[in-house]
Amino acid sequence: MIETILGWLAGLIVAFISATGYLGIVLLMAIESACIPLPSEVIMPFSGYLVSTGRFDLWLVATAGAIGCNLGSILPYEAGRHGGRVVVERWGKYIFVDTHDLDRAERFFRRFGSIAVLIGRLLPVVRSFIALPAGVARMPLVRFHVYTFVGSWPWCFGLAWVGRELGVHWNSDPRIKALFHRADLIIGVSIVLAVGYFIYRRMARRRAGRA
C-alpha cells in the first residue's frame with residue numbers, strides 16, 4: 001500500500017519537476033516551508049532521482065531546494081512577526097500548532113538565540129514550522145534568511161544525494177528493491193501510529209485547556 005501511494009506521489013512530483021525544472025523544486029520546497037504538509041523527505045529524494053538520469057545537477061538541486069525554503073518561510077515569519085501569539089492562538093489549531101508549541105519554541109529561542117533557526121532547519125518536522133516562532137521572536141530578517149539557507153542546504157543536499165544513489169542502483173542492485181518491500185509495512189504502521197499519537201496529544205491538551 002505505502003509503495004503504491006509513494007509511487008503515485010513520486011510520479012506526480014517527478015512529472016512536475018521534469019516539466020518545470022529547478023523552478024519546480026523551488027516552488028515545492030517553498031510550499032513545504034510555508035507550514036503546508038508537503039514533506040521535503042519526498043520532494044528532494046525524487047529530485048535526486050532526476051539527477052541520476054542526467055536531468056539535473058546535484059549541487060543546483062540542493063541550492064534550488066534551499067532557495068525554496070527561504071521563499072516559503074517568508075509567509076510564516078511575517079505572520080509571526082506582525083501577528084505574534086495571536087496568530088498561533090487563532091489559526092494554529094488548523095495545523096495542530098497550539099500555545100504549548102509556541103511556549104516551547106520561545107524557550108528554545110531564549111536558550112539558543114538565533115542559532116535555533118539553523119538547528120531547526122536540520123530537524124524533520126520542526127524545519128517546516130521554525131519560521132513562525134522566529135517571526136514571533138522578531139529575529140532580524142537578514143540573519144533569519146542566512147540561517148535558513150545555511151541550515152536548509154545540507155538537508156536538501158543529503159536527501160537529494162540519497163535519491164540520486166537510489167536512482168543509480170535501483171535496477172542494478174536487487175537488494176534495494178527487496179529492502180524497500182520489507183520496509184513497506186513497518187513504514188506504514190509507524191506513520192499511522194506517529195500521526196495518531198500526535199493528533200491525540202493535541203486534542204487531549206485542548207480538552208484539558210477547556211476543562
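Predicted model: local features only at pLDDT ≥ 70, side-chain atom pairs only at ≥ 80, totals over all residues.
A residue is called buried when its relative accessible area is under 20%, exposed when over 50%, and partly exposed in between, using a 1.4 Å probe on protein chains only. Residues are numbered from 1 along each chain as its sequence is written, and side-chain values use heavy atoms, leaving out hydrogens and water.

Let's turn to the aromatic rings. Rings of Phe, Tyr and Trp (its six-membered ring) pair if their centres lie within 6.5 Å; planes under 30 degrees apart are stacked, over 60 edge-to-face, and the rest tilted. This rule gives 5 aromatic pairs. In one of them, the ring centres of Trp59 and Phe157 are 5.0 Å apart with planes at 45 degrees, so the pair is tilted. Trp59 sits in helix α4 (residues 58-83) and Phe157 in helix α10 (residues 141-169), so this pair ties together parts 98 residues apart in sequence; helices here are DSSP runs of H or I with at least four residues, numbered from the N terminus. Trp59 counts as exposed, at 53% relative accessibility.

Back to Tyr77 and Phe144: their ring centres are 4.5 Å apart and their planes at 25 degrees, so they are stacked. Ring pairs also link Trp59, Trp153 and Phe157 into a cluster.

And the cysteines? A disulfide needs two cysteine sulfur atoms within 2.5 Å, and the count is 0. The sulfur of Cys69 has its closest cysteine sulfur in Cys156, 4.4 Å away, which is too far for a bond.

How values were computed. Helix = DSSP H or I, 4+ residues; strand = E, 2+ residues; numbered from the N terminus.
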